[in-house]
Amino acid sequence: MDWYPLLNSLRIAAISTFVIFFAGLFFAYYIAKLPRLVKGVLDVVLTLPLVLPPTVVGYLLLRLLGPKRPVGAWFLSVFGVKLVMNWWSAIFATAVVIFPLMYRTVRGAFESFDETLACAGQTLGLSNRYIFWHIRMPYCRQGVLAGTVLAFARALGEYGATSMIAGYTPGRTATISTTVYQLWRTDNDALAFRWVLVNIAISAVVLLAVNMLERKNPARGRKGGA
Amino acid sequence: MKKLLAILLTLMLLLGLAACASKTEQTTAAETEQTAEEDKQDTAAESETSKEADTSKESDTSKEADTSKEAETDAEPVTLTVFAAASMTETLTELGEKYMKENPNVTVVFTFDSSGTLKTQIEEGAECDLFISAAQKQMNQLDATCDAEKNPDGLDFIDAATRVDILENKVALVVPDTNPKNINSFDDLKSALESGSVLMAMGNADVPVGQYTQKILTYFGLDETALANAGLISYGSNVKEVTSQVSEAAVDCGVIYATDAFSANLKVVDTATKDMCGQVIYPAAILKASKNAEAAQAFLDYLRTPDSMAVFEAVGFTAVG
Amino acid sequence: MLKVDIEKRLGAFQLRAKFTAESGRLALLGASGCGKSVTLRCIAGILMPDRGTVELDGVTLFDSERRIHLPPQKRQVGYLFQQYALFPNMTVEKNIRCAIRTGSAREKDEQAAEKIRAFRLTGLEKKLPAQLSGGEQQRVALARILASEPRAILLDEPLSALDGFLRWELEQELSELLSDFGGPVVWVSHDLDECCRNCARVSVMENGKAGEPVAMDALLKSPATVGAARLTGCRSFFPAERCREGARIPALGLLLPDAPQRSFTTVGIPSDAIGMTGGSLACTVRSVTRGRLSASVLLLPDGGGTDAMLCAELPRDAAIAPGDTVRIAIRPGQVLYL
């Protein structure tokens with residue numbers, strides 16, 4: 001069995017999730033501070049990839065990053081490299097599609113954060129960065145973890161946008177999802193089903209790992225006061 | 001202010017949804033007006049069809065039609081369900097509307113999708129009067145008069161007596177408007193593939209156009225698997241993907257139908273000959289289970305009139321023959 | 001020394017706080033919701049006032065004219081939140097240690113240990129806030145604040161959420177632990193008794209306006225406004241007018257001699273201005289409510305309208321009942337002219 005799709009899917013999912021982890025935290029943190037109206041509009045825009053069919057997302061990305069378009073052409077002329085139809089092109093598509101999941105979950109977690117803790121930290125002289133990483137993040141750990149897991153799982157299953165922007169070339173740009181689809185469409189159900197099992201196995205491992213992490217560090221008491 | 005924002009946001013969402021609306025399924029509403037006949041159109045009035053007529057699979061040019069200008073004698077409303085390959089979407093919709101104008105009691109309802117999907121739907125019992133496939137393969141699979149090789153499941157859904165080839169499509173080689181690898185013919189493509197300097201998009205083996213592409217590669221003595229492993233081929237999961245990738249120059253060329261090229265406004269640099277991949281024939285047949293066989297036959301005959309053919313040819317089809 | 005002169009629009013009313021706090025404790029006294037917490041937050045830098053200045057020991061923390069607004073981190077103003085705001089994911093010693101601003105790692109450890117000793121937290125270093133009692137949490141919170149070496153400390157209703165014995169206990173502790181602090185302390189509360197017990201000076205906040213601080217005694221003896229008088233416990237107020245002989249109270253048909261020279265519009269009659277016997281004003285007892293230590297007696301003067309009510313505090317077991325008639329005297333020396 002050609003194991004390339006497994007390697008490819010894992011690295012694309014891992015890199016996308018890594019990038020979106022920080023992007024999601026960044027946007028969730030700063031947007032929560034904006035006035036309500038602006039916050040609402042931005043929420044809609046940033047959640048859009050969740051609502052649009054992935055193929056449409058892929059098509060829009062193609063129009064943005066293709067070699068005929070300003071961004072793609074610039075990259076081509078400066079680096080001699082096409083942004084699309086490579087294995088790493090799928091990272092763009094996957095990142096865009098999983099972003100809303102991380103963003104909204106973390107936003108929710110941050111909104112439930114007790115802001116007086118941050119205020120207290122500030123009056124004690126703690127920098128905002130320290131407060132973010134050492135007080136806010138531990139407090140919101142469960143939400144952040146949930147968002148990351150959701151994003152990773154969705155990244156593994158991403159198909160429509162990936163297919164459009166990276167294509168399906170066996171051994172080059174094939175992911176588990178695009179492989180399963182191609183195998184199924186060409187009546188190779190047995191092999192397709194084996195890949196589905198691989199997908200399930202990966203998800204099981206990830207979820208188990210997350211659960212074990214949770215059990216080792218159970219959520220501590222929230223309230224520090226009377 | 002909040003209300004305005006809510007309206008704006010709803011509009012944005014609706015626009016996004018509309019942009020992705022698939023073209024595979026369209027329904028046409030019944031026209032109730034009685035319009036005067038158009039001069040150019042000598043459409044057949046409903047003709048009694050016997051099931052012995054037109055059994056051959058060759059193109060049959062029996063287009064004799066009564067040029068009577070009477071309205072339908074049969075005033076009962078009829079709804080015809082037509083399953084047709086996606087490549088015929090625009091043309092059949094247009095012809096369907098024309099037909100319904102002249103035959104107000106008939107409502108034609110289309111379902112457009114890939115031939116494989118349509119065949120599966122018919123197999124699973126979907127209600128259908130007329131089936132037009134983009135390849136013989138799917139029609140064979142439903143034709144009881146075909147041997148076990150062509151019809152492995154022994155399905156018997158179409159009335160073989162009504163089966164007829166109505167259109168020919170050409171397999172076309174398309175390139176982006178910038179034509180970065182300077183490919184102007186299938187021969188150029190062959191050289192480029194052999195030298196490993198090109199990225200080509202094609203349909204996969206489940207899609208008829210993909211199968212034709214495979215035949216072309218074989219004709220040129222190229223090993224598809226080797227090419228794929230060398231990273232020279234990308235398989236699109238549908239035609240839209242392929243046309244998008246060619247339009248955006250994400251790939252250097254693609255192989256699709258002439259009709260797809262026309263819809264996507266792509267530059268066709270070459271079309272495949274009969275030797276390369278055979279002919280792409282679109283057969284049509286009336287379903288055995290159809291409750292409106294006569295109306296279906298009437299519509300089928302209408303589709304084969306010269307004026308209808310003109311509509312088909314305008315988008316890249318050719319008449320069979 | 002803390003100098004505050006700020007304005008901020010808060011919904012319906014305008015916050016206007018102008019006061020100076022020297023070292024020692026200043027009470028910021030006012031009813032709930034009048035803007036006391038907002039004032040504190042503006043001083044600490046957590047909120048930004050619309051206009052004004054905040055100065056601490058000569059350093060300008062905020063100046064709207066010169067567009068100065070120091071972030072809270074730089075102000076060295078300690079803030080004790082009502083719920084203490086201990087970081088739930090950190091141990092006691094980590095909570096305290098993270099507030100120490102200067103020194104090497106070892107020095108910080110030493111300072112933290114010293115604070116733990118000083119605040120009697122030995123043995124609790126590795127505990128999380130959720131595992132501590134109320135008193136322990138307060139000590140940790142204070143230790144943490146003092147570890148950050150503030151120049152001023154703000155207490156935001158520190159005891160308002162507590163009652164009974166725990167409240168008394170924590171109040172003692174708080175008072176004692178603050179006694180060594182040399183800078184100004186602003187103690188916000190809506191409880192006059194609490195402020196009385198713990199602070200020497202008080203600024204009364206009414207309708208968003210905090211006035212210049214006065215000595216606690218001065219407030220109790222001669223409050224300046226009806227609101228301040230209410231805070232000190234006076235419940236009976238009547239319009240009054242100045243006349244040659246003194247002050248006339250039309251509602252009661254009374255004339256009070258020895259009215260002060262300054263102008264006044266209202267007269268407040270606190271409980272200790274009412275003598276229950278031997279007076280000339282006939283009243284009917286409307287109701288007697290016996291509390292734990294005293295009895296509140298509502299008196300309705302004969303001839304006055306139903307609005308003219310006087311309230312007297314008598315010993316709990318005073319022999320008086322609704323319907324009784326009494327002749328009361330008003331002691332002019334205790335009357336408040338507002």
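Predicted model: local features only at pLDDT ≥ 70, side-chain atom pairs only at ≥ 80, totals over all residues.
**A walk through chains A, B and C**

In chain A, among contacts between residues at least 6 apart in sequence, 74% join residues that are at least 24 apart. Two packed helices are described by the angle between their axes and the distance between the axes. The axes of helix α3 (residues 54-65) of chain A and helix α5 (residues 89-111) of chain A come within 10 Å of each other and cross at roughly 130 degrees. Because of that angle, α3(A) counts as oblique to α5(A), and the crossing of the two helices is right-handed. On the side of α3(A), the contact is made by Pro54(A), Val57(A), Gly58(A), Leu61(A) and Leu65(A), while α5(A) contributes Phe92(A), Ala93(A), Val96(A) and Val97(A). Sorted by class, this contact of α3(A) with α5(A) has 8 nonpolar residues, 1 polar residue and no charged residues.

Where chain A meets chain B, 28 residues of chain A are in contact with 26 residues of chain B. Helices α2 (36-51), α3, α9 (160-166) and α10 (176-185) of chain A each supply at least two residues of the side that touches chain B, and among these elements α2(A) gives the most, with 5 residues. By class, the side of chain A that touches chain B has 16 nonpolar, 8 polar and 4 charged residues.

Chain A also meets chain C, in a contact that takes 20 residues from chain A and 27 residues from chain C. The elements of chain C that give two or more residues to the side touching chain A are α2 (72-75), β7 (77-80) and α5 (134-147). The residues on that side of chain C divide into 18 nonpolar, 7 polar and 2 charged.

Strands of a sheet pair through backbone hydrogen bonds, either parallel or antiparallel. In chain C, an open sheet of 3 strands has the order β14-β15-β16, with antiparallel pairing. Strands β14 (241-242) and β16 (254-257) of chain C stand at the edges, and because each has a single partner strand, one side of each is left without a neighbour in the sheet. Strand β15 (residues 246-249) of chain C pairs with β16(C) in the antiparallel sense over 4 bridges, and for Arg248(C) the bridge partner in β16(C) is Leu255(C).

Glu173(C) lies in helix α6 (residues 164-178) of chain C. With 16 other C-beta atoms within 10 Å, Glu173(C) is partly exposed, because a residue is buried if 20 or more such atoms lie within that distance and exposed if there are 12 or fewer. Not counting residues up to four places away in sequence, Glu173(C) touches Gly135(C), Gln138(C) and Arg139(C). By contrast, Glu173(C) and Met205(C), which are 32 residues apart in sequence, are 26 Å apart in space, C-alpha to C-alpha.

How values were computed: Residues numbered from 1 in each chain as written. Chains lettered and ligands numbered in written order. Pairing = 2+ DSSP bridges. Contact = placed C-beta atoms within 7 Å. Nonpolar A, V, L, I, M, F, W, Y, C, P; charged D, E, K, R; others polar. Axes fitted to C-alpha atoms, helices over the stretch in contact; angles between N-to-C directions. Parallel < 35°, antiparallel > 145°, perpendicular 65-115°, else oblique. Left-handed = near helix turned anticlockwise from the far one by under 90°.
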